[in-house]
Protein chains: 2
Amino acid sequence: MANSRSGDSLLSRLVTILDAFGSHRSSMTISTLSRRVGMPLATTHRLVLQLLDERLLERDADGEVRLGIRLWELASRGSRTTDLREIALPFMEDVQAVVQQHTTLSLLDSENVLYIERLTTRGSAVNITQIAGRLPIHACSSGLVLLAYSPPEFQDDVLGRELVRYTEHTVTEPAALRRLLAGIRQLGHASVPGIIVPDTTGIAVPVFERGDRVIAALNVIVPLGEEDLRATVPALKTAAHGISRALGADRPRGGTSRMPRAV
Amino acid sequence: MANSRSGDSLLSRLVTILDAFGSHRSSMTISTLSRRVGMPLATTHRLVLQLLDERLLERDADGEVRLGIRLWELASRGSRTTDLREIALPFMEDVQAVVQQHTTLSLLDSENVLYIERLTTRGSAVNITQIAGRLPIHACSSGLVLLAYSPPEFQDDVLGRELVRYTEHTVTEPAALRRLLAGIRQLGHASVPGIIVPDTTGIAVPVFERGDRVIAALNVIVPLGEEDLRATVPALKTAAHGISRALGADRPRGGTSRMPRAV
């Protein structure tokens, strides 16, 4: 594959271009794009023309470029993410109807929590998650659930790193984090106040797939001080049980039935 | 850009590979993929390695390849489709709660109807739509709505073509289709029984964006003979009005307030 002088492959440069259309700007001029990706204007222009040709980018009415619907179609048709969120959506609506707080579904990708669905509730807590957005694994309730049910080697790897302390409640010390993870496995849910944003509590439970592996985390985000765990956790566990069943999990578990694993 | 002997650009061949992971198979071996895209095995293998490198494809537990979550993330973050469906979703849930039938949201792309969201109802009508799936513009209620509110040149273009007749109810004759479109604009909704599948009726209304342009169609799919237009159309129009307002439409219209345009 033809490589640029910088050694990046053409595909890698095309991906860099697509990646620049992040959450902040949905469309931009080619010169803004060029600055943002740190490539010469001529190179950026050439790559954009190729992406326009394949409709992975499109021009809007102002002549700026933006992600093309074709890219969304390619990514969504036949994607596991689409299947998972379509299966989970009715159960998420059930949770939202009962708990009346933001409800999210996320999975682990490249050691981050990737949010694949979010149902928002007007007038509810601050919600920093967004669909296709990421949060660090140790600093959100979904991440802690996904980490608690991960293989020990992966946990060791995460715990061995320098973890960012976002608030005074973020647990970063390895021994304390191990205790937190053991507690999550024992209870079958994570409930963590203010570990990334001071004013909110995240509550999350695991979703299982075939083979009894954890595939996702189901979560609600509640204003700090308004947690009603006795109501929220059963609602989340019931919905997670339903999603797990629909995904063909061998025997979805409620949490306390799952024996704590030594970490 | 380096072109293959067949003259296709590298990017175009990469897109062909990604496109092969359609609705039928979510993962496959490289040799199946090679047959499916009609490229030599060595070429397919080389392209797959590049896509694996960028995580646009990933290997599953059986060693087969499938679309990578990274592709979904690239496409979804900062995509208008994600924004539109997130804005529309609560209103779609309202429709589904009242009408209790499959509810879809779609838009026009490359002269097809592309479904970007679908809420399904168990035990309801046959539903051939799927998320990121397409249907022909003249053979579904959403397509007819999108066509009815399209510029005259686009309508002429569609009407000038040989249109496929899927059932005895599919309207393909240009003059009859023009009358149908005029009726849709006058009423502000399309209600068409069995034009692509004999046993179902589609009912659809337009969704407007800023500048009073139609951006999407909101639709429900009802078993033939169980249509209750007096209840369904107001539910759809109310929800479409809400979505249009949330999208910043200047003054969302209910239908009859919109003057029929000569076609």
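The model is predicted.

Strands of a sheet pair through backbone hydrogen bonds, and the pairing may be parallel or antiparallel. In chain A, an open sheet is built from three strands in the order β1-β3-β2, and the pairing is antiparallel. Strands β1 (27-28) and β2 (57-59) of chain A stand at the edges with a single partner strand each, so one side of each has no neighbour in the sheet. The contact between β1(A) and strand β3 (residues 65-67) of chain A consists of two bridges, and these strands run antiparallel. Within this pair, Ser27(A) is found opposite Arg66(A) of β3(A).

Chain B can be explored from strand β4 (residues 102-109), which is mostly covered, with seven of its eight residues buried. One partner of β4(B) is strand β9 (residues 213-223) of chain B, to which β4(B) is joined in the antiparallel sense over five bridges. Here Thr103(B) has Val220(B) of β9(B) as its bridge partner.

Strand β5 (residues 112-119) of chain B also pairs with β4(B): seven bridges join the two, and they run antiparallel. One of the residue pairs is Ser106(B) with Tyr115(B), the latter lying in β5(B). How many residues lie between β4(B) and β5(B) in the hairpin that they form? There are two residues between these strands, and in the turn Ser110(B) has a positive phi of about 50°.

Definitions and conventions: Residues numbered from 1 in each chain as written. Chains lettered and ligands numbered in written order. Predicted model: local features only at pLDDT ≥ 70, side-chain atom pairs only at ≥ 80, totals over all residues. Heavy atoms only, no water. Buried < 20%, exposed > 50% of the residue type's maximum accessible area, 1.4 Å probe, protein only. Helix = DSSP H or I, 4+ residues; strand = E, 2+ residues; numbered from the N terminus. Pairing = 2+ DSSP bridges.
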